[in-house]
Amino acid sequence: MIDIETTYPARDKQLRAAAAIELGCSVVSHADYVNWLIDVRRLLLAASSWRQYRCAAAYVLEKGGTSETLAFARRLRAAKPISSYERKALPRRTSALKSKGLPQNDIDTLLAKIDASRSDHRNALRAYVQATLLTGLRPCEWPSVTLKLQDGTLILIVTNAKANDLRAHSLERTLLFDRLPRKFAERLSEWLTIVAAAGDDYPKLIKALGDALRSITRKSFPRRKRWPTLYTMRHIFAARAKEHYADRPSGLAIVAALLGHSSDATATHHYAKRRAGGGLPIPRANPNEVSLVRAVFKKKFDAFVELERGVASNSVGSPR
């Protein structure tokens with residue numbers, strides 16, 4: 001007979017340690033942990049293994065006894081195993097071919113290969129890479145950018161691409177660069193000039209840059225199983241921001257604000273592990289937007305709890 005009071009907490013401790021390593025943080029929140037178990041680990045496990053892991057994690061959450069931990073436990077217990085047939089039918093995870101990060105040496109190599117390429121888009125591609133490493137913007141967000149200089153601070157304002165359905169903390173986000181060295185300001189200006197010139201053809205430009213990057217990276221890193229994409233530069237920015245802010249009060253909320261997220265959970269769950277790199281300036285976030293990260297997350301969580309309560313009340317007295 002299994003002693004669940006001993007084995008379940010021990011298994012849960014191992015799972016949380018594994019989640020911390022993959023998510024690149026020392027302490028894993030309940031939201032991060034449950035998301036990781038359901039969205040990542042469950043897809044890799046046989047049904048019997050998933051049931052064991054699910055029971056262990058849910059047991060510990062239920063022992064917490066708060067409305068938050070109980071809600072997460074119910075969500076976890078509702079997550080059914082993935083059958084082998086369903087697993088084969090799943091589309092390949094984007095991480096299977098896409099690199100979420102690059103060491104600085106590889107970034108330098110990539111920029112050199114871009115310069116040496118015969119692509120008609122090499123100048124635009126270099127400008128995109130350098131500007132996105134500096135800001136972490138999504139490719140589709142660049143046409144919305146406005147820049148202004150105020151008291152030595154370069155202020156970049158961008159419309160959040162995922163501002164609907166509470167997926168972003170607000171309609172816009174602000175990146176503040178204090179006394180940004182001229183060479184970095186020029187990189188931003190160069191790319192924004194290219195974006196403005198593209199006008200309505202900007203989506204075509206982004207597709208062309210993605211195709212050019214794909215060709216260059218396959219030739220530059222032929223033995224790799226994962227290659228950088230246009231989105232990789234955003235992941236690298238997120239990793240650098242986490243390295244800079246994660247140990248500060250509300251550090252992950254600051255990172256989430258810079259990325260345009262409504263919750264600091266996505267800053268750990270979906271993005272590259274924290275690492276130093278590149279010597280690039282790290283922007284500040286608007287403090288008002290940092291506070292919105294927490295507020296929007298609370299709104300989402302409260303809605304989730306209310307939904308759980310509704311489901312529970314509707315099931316009372318129902319036939320089994």
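How many bridges pair E2 and E3, and in what sense? E2 and E3 pair over 7 bridges, in the antiparallel sense. The points below cover the sheet, the aromatic residues and the helix packing.

1. Basis. The model is predicted, with local features requiring pLDDT of at least 70 and side-chain atom pairs counted only at pLDDT 80 or more, while totals for chains, interfaces and linings use all residues. Numbering runs from 1 along each chain as its sequence is written, and side-chain values use heavy atoms, with hydrogens and water left out.

2. Sheet. The 4 strands form an open sheet with antiparallel pairing, in the order E1-E2-E3-E4. Edge positions are taken by E1 and strand E4 (284-285), each of which pairs on one side only. Helices (H or I, at least four residues) and strands (E, at least two) are DSSP runs numbered from the N terminus. Two strands pair if DSSP finds at least two bridges between them.

3. Strands E1 and E2. Strand E2 (residues 153-159) pairs with E1 in the antiparallel sense over 5 bridges. The two form a hairpin with 2 residues between them, and Asp151 in the turn has a positive phi of about 50°. Across this pairing, Leu147 stands opposite Leu156 in E2, and Leu149 stands opposite Leu154 in E2.

4. Burial of E2. On the E3 side, Ile155 stands opposite Leu176 in E3. Because 6 of the 7 residues of E2 are buried, E2 is largely enclosed by the rest of the structure. Buried means under 20% relative accessible area, exposed over 50%, and partly exposed in between (1.4 Å probe, protein chains only).

5. Glu141. Where does Glu141 lie? Glu141 is in the loop between helix H7 (122-135) and strand E1 (146-150). Glu141 has a relative accessible area of 1% and is therefore buried. A polar atom of the Glu141 side chain lies 3.0 Å from the backbone nitrogen of Ala161. A polar contact is a pair of N or O atoms within 3.5 Å; within protein, one must be able to donate a hydrogen and the other to accept it, and residues adjacent in sequence count only if both atoms are side-chain atoms. Leaving aside neighbours within four places in sequence, Glu141 is in contact (heavy atoms within 4.5 Å) with Val158, Thr159, Asn160, Ala161 and Arg173.

6. Aromatic pairs. There are 4 aromatic pairs in the structure. Trp142 and Trp191 form an edge-to-face pair, at 6.3 Å centre to centre and 90° between the planes. This pair links distant parts of the chain, with Trp142 in the loop between H7 and E1 and Trp191 in helix H8 (residues 182-198), 49 residues apart. Trp191 and Tyr202 form a tilted pair, at 6.4 Å centre to centre and 55° between the planes. Rings of Phe, Tyr and Trp (its six-membered ring) pair if their centres lie within 6.5 Å; planes under 30 degrees apart count as stacked, over 60 as edge-to-face and the rest as tilted.

7. Trp191 lies in helix H8 and Tyr202 in helix H9 (residues 202-220), so their pair ties together parts that are 11 residues apart in sequence. Trp142 and Trp191 are buried. Relative accessibility is 0% for Trp191 and 6% for Tyr202, so Tyr202 also counts as buried. Ring pairs link Tyr128, Trp142, Trp191 and Tyr202 into a cluster.

8. Helices H8 and H9. These helices pack at an angle of about 125°, with their axes 8 Å apart. That angle makes H8 oblique to H9. On the H8 side the contact is made by Trp191, Ile194, Val195 and Ala198, and on the H9 side by Tyr202, Leu205, Ile206 and Leu209. Axes are lines fitted to C-alpha atoms, for helices over the stretch in contact, and angles run from 0 to 180 degrees between N-to-C directions. Angles under 35 degrees count as roughly parallel, over 145 as roughly antiparallel, 65 to 115 as roughly perpendicular and the rest as oblique.

9. Helices H1 and H2. Helix H1 (residues 4-23) packs with helix H2 (residues 30-41) at an angle of about 85°, their axes being 10 Å apart. The two helices are therefore roughly perpendicular to each other. Residues of H1 at this packing include Asp12, Leu15 and Arg16, and those of H2 include Tyr33, Trp36 and Leu37.

10. Tyr8. Tyr8 is in helix H1. Tyr8 and Ala57 are 49 residues apart in sequence, with 7.2 Å from C-alpha to C-alpha. Not counting residues up to four places away in sequence, Tyr8 touches Cys55, Ala56, Tyr59 and Val60.
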